[in-house]
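Have a look at the sequence and the model first.

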Amino acid sequence: MTLPEDYDASVVEAKWRRRWRELGVATTDLSRHRDKMVVLVMFPYPSGDRLHIGHWYNFAPADSWARFQRMRGRNVFEPMGYDAFGLPAENYAIQHGVHPAESTRANVAYIRGQLEAIGTLYDWSRELNTSDPEYYRWTQWLFLALRRRGLAYRARAPVNWCPACGTVLANEQVEEGRCERCESEVTKKDLEQWFFRITDYAERLLAGLDTLEGRWPAKTLLAQRHWIGRSEGAEVDFQLVGRPERLSIFTTRPDTLYGVTYMVLAPEHPLVETITEPARRGEVGRYAEAARGMRDIDREALGREKTGVFTGAWALNPLNGERVPVWVADYVLAGYGTGAIMAVPGHDPRDHDFAAGHGLPVRRVIEPADGSRAPEGQAYSDPSGRMVGSGPFDGLAGDEARGRVVRELERRGVGRGRVHYRLRDWLISRQRYWGAPIPVVHCGRCGVVDVPEEGLPVLLPERVDFQAPRGERSPLITAQEWVRTACPACGGEARREVDTMDTFVDSSWYFLRYLSAGRSDLPFDREVVDRWLPVDMYIGGPEHATKHLIYARFITMVLKDLGWVGFEEPFARLFHQGLITRDGDKMSKSRGNVVSPDAFVGRYGSDVFRMYMMFMGSFADGGDWNDQGITGIDRFVARTWRLYRRALDSPASTAEGASGVVEARRALHASVQAVTRDLEGFAFNTAIARLMELVGVLGRTLDAGPVDASFLDDALDRLNRLLAPFAPHLAEELWEARGGEGLVVDAPWPDYDAELARAPEVEVAIQVTGKVRARIRVPADADEETLKEMALAHERIRELVGERPIRKLVVVPGRLVNIVV
């Protein structure tokens with residue numbers, strides 16, 4: 001087949017996308033699970049009318065990696081869907097004056113066209129949409145399964161409230177005191193909300209991270225460990241003087257109990273109003289109300305002046321019987337520990353600051369273990385210190401001291417050893433319209449009653465005033481015909497739950513549904529799921545480290561306990577792509593600073609654009625967007641096209657051993673080796689650079705004259721296969737032109753000869769203070785660091801340099817290393 005003079009991306013790409021569809025190339029036969037590999041990207045929100053280049057930066061390289069694995073013989077399953085419910089989609093609909101169902105349908109249709117234009121091998125027969133009743137029916141089933149297990153409950157609690165979005169937020173959705181979506185300041189409100197009891201799985205979630213070492217990014221593992229926040233210590237009861245109640249606190253330092261000089265309650269603590277003396281209730285109430293309006297991050301700030309008010313109540317230290325005052329202060333948060341602390345200003349910096357500001361005593365009960373004295377005027381917090389001024393415990397130190405104190409507390413019945421977690425239960429209800437309805441009803445006689453499974457899905461009503469201001473009330477309250485219903489238990493009048501589920505519930509299990517998409521009798525088939533999952537490679541942004549990624553792990557563990565899956569870690573390997581910014585800011589629809597890929601694809605073609613996205617820099621690091629380099633990739637594609645066109649027409653007669661062919665052969669095998677290694681490590685930018693070098697070498701070889709036919713055919717074949725993951729449309733066209741069998745995506749990945757790939761050696765002189773003392777042979781492409789290491793490791797050089805300090809080390813690559821001593 002003769003290639004046209006110029007490469008026409010629009011014609012070639014349309015041709016091959018049509019051919020792939022007709023041949024069902026992307027459809028995976030799930031009955032064949034040998035050598036399976038599930039490659040999954042975090043599915044997108046269809047909250048705007050199109051994908052921006054940040055999405056391409058995730059999807060295109062991930063598809064290249066999946067194609068690479070397919071050519072290596074793996075049975076790749078690469079599905080796609082849409083995280084279609086939630087705040088972003090609802091806000092988009094409000095901004096454009098349309099119904100969320102209408103805008104979501106239109107956006108999904110447009111986005112699917114964009115995804116197809118990338119040239120991805122997504123199995124569209126298993127496409128998901130979380131706002132489809134056939135999907136959220138099973139999200140509701142999941143809610144009921146957790147409720148039956150005692151893991152879904154309703155409670156009144158202080159929650160994060162975003163006034164701009166008009167809904168509560170989970171702790172994980174608040175970043176530095178602001179809403180992660182709109183960046184408005186978040187306040188606190190006491191509301192009845194639905195929670196998932198993720199804290200019951202805190203220890204398993206923590207232990208499971210050990211199994212992911214080396215397979216998940218270290219920073220993500222660290223972030224989850226910190227978020228779960230395991231602390232060993234003691235729960236201690238302080239009896240209130242003249243009252244029946246006890247104040248329970250958690251401390252990691254029971255060895256400092258003799259240093260307690262006051263107690264502190266969080267302003268939100270339920271006992272604040274009860275224990276405050278009548279004369280002080282006005283002051284305490286005003287203080288507590290003011291604290292509720294503050295951001296947690298501000299309340300915890302280390303440099304901030306510590307404020308508080310005395311309640312008039314006193315508590316008894318359970319070890320020494322001393323009376324200590326009970327204060328209310330905003331530096332203690334209700335959501336951590338028990339919402340109350342024993343204050344030890346001698347050994348905690350925040351307590352020390354508070355005591356200094358309010359004239360409270362500071363008592364030192366821990367000193368350095370070596371017998372010295374800790375500095376005065378500041379808190380001494382070394383956990384290895386020895387106890388002093390602590391009665392029978394004096395002289396004990398570290399873990400032994402803490403263990404002895406805990407045993408004494410347990411003996412007296414005033415405390416116990418405890419493990420506490422920073423992790424809070426997952427708040428899943430939202431006061432917004434566009435989400436899966438929570439499948440319960442409220443009956444005056446029966447209380448909260450589950451909707452029977454045969455009544456699922458509880459359909460989201462379409463006639464709802466979701467644009468009207470409503471304060472803390474969900475817009476579903478406006479759909480009174482829908483709200484009024486019959487109680488499934490007694491048949492009496494009842495009302496539906498009007499809050500909806502957060503979209504993170506939808507995405508906590510979607511990877512399971514892909515394998516049984518379309519099934520109406522069950523959420524997923526365990527036999528199929530256990531054959532294909534966990535996901536072999538999950539690719540997405542690091543911003544989900546303590547959100548989606550921890551929720552999905554929790555739900556998978558629950559489903560394992562329920563007998564629905566045979567594993568408890570959903571993602572065997574995880575890779576985080578970097579962030580594409582614009583003028584230094586995160587690119588996002590909510591900021592209005594997105595760049596659409598459509599114009600670039602229209603001008604240059606999909607292959608050029610996807611390669612440019614991969615060539616911009618490290619896939620793991622991301623970078624700031626600019627389009628100045630895309631013409632370089634366009635020229636590379638044109639050069640590659642001309643190379644094949646020219647090679648297919650060139651006579652071939654040069655002897656195989658000619659020097660030009662020898663060097664080209666080495667470059668060919670070295671390129672296969674390097675591209676293979678780079679693709680394994682997601683180093684797409686350096687892999688494309690190697691392809692550019694190889695095309696240049698082969699072009700210069702053709703310039704030198706006729707080339708041996710067998711070498712030329714081998715070189716074009718290997719290069720063609722190397723191109724296939726990066727520029728799939730171009731590669732298929734070249735494969736067809738060369739008469740390749742079938743499709744290049746189904747061709748095996750090229751192998752290489754490591755000996756042929758080895759760079760030729762050169763002789764490098766090693767000088768010591770200007771005089772040649774040795775010579776070594778090194779690879780011609782050895783870098784400066786390698787030459788330094790080899791020179792300093794040389795036996796003769798080690799003898800000459802000895803212990804003398806090296807003042808300077810000069811490297812001239814390929815020629816010499818000069819060591820100045």
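## Ground rules

This is a predicted model: local features need pLDDT of at least 70, side-chain atom pairs count only at pLDDT 80 or more, and totals for chains, interfaces and linings use all residues. Residues are numbered from 1 along each chain as its sequence is written, and side-chain values use heavy atoms, with hydrogens and water left out.

## Domains

The chain splits into domain 1 (43-131 + 507-581), domain 2 (140-197 + 425-504), domain 3 (230-421), domain 4 (592-757) and domain 5 (761-820); these bounds come from an automatic or database domain assignment.

Take domains 2 and 3: their C-alpha centres sit 37 Å apart. Where they meet, 7 residues of domain 2 are in contact with 4 of domain 3 (contact means heavy atoms within 4.5 Å). About 670 Å² is buried between the two, with carbon and sulfur atoms giving 51% of that. Buried area here is the accessible area (1.4 Å probe) that two parts lose on being put together, summed over both.

## A four-stranded sheet

Here 4 strands make an open, antiparallel sheet, ordered β22-β21-β24-β23. At the edges are β22 (447-450) and β23 (484-486), each pairing on one side only. From one strand to the next, the twist averages 45°. Strands are DSSP runs of E, at least two residues long, and helices are runs of H or I with at least four, numbered from the N terminus; two strands pair if DSSP finds at least two bridges between them.

β21 (residues 440-443) and β22 share 4 bridges, and Val440 faces Asp450 in β22. Helix α5 (residues 133-148) lies across β21 and β22, at about 125° to β22. For such angles, axes are lines fitted to C-alpha atoms, for helices over the stretch in contact, and the angle runs from 0 to 180 degrees between N-to-C directions.

The whole structure has 0 disulfides (pairs of cysteine sulfur atoms within 2.5 Å). For Cys446, the nearest cysteine sulfur is that of Cys490, 3.7 Å away.

Cys446 is partly exposed at 34% relative accessibility, while Cys487 is buried at 3%. Buried means under 20% relative accessible area, exposed over 50%, and partly exposed in between (1.4 Å probe, protein chains only).

## A buried histidine

His548 belongs to helix α17 (residues 548-561). It counts as buried because its relative accessibility is 4%. Leaving out residues up to four places away in sequence, His548 touches Met42, Phe504, Ser507, Tyr510, Tyr538 and Phe571.
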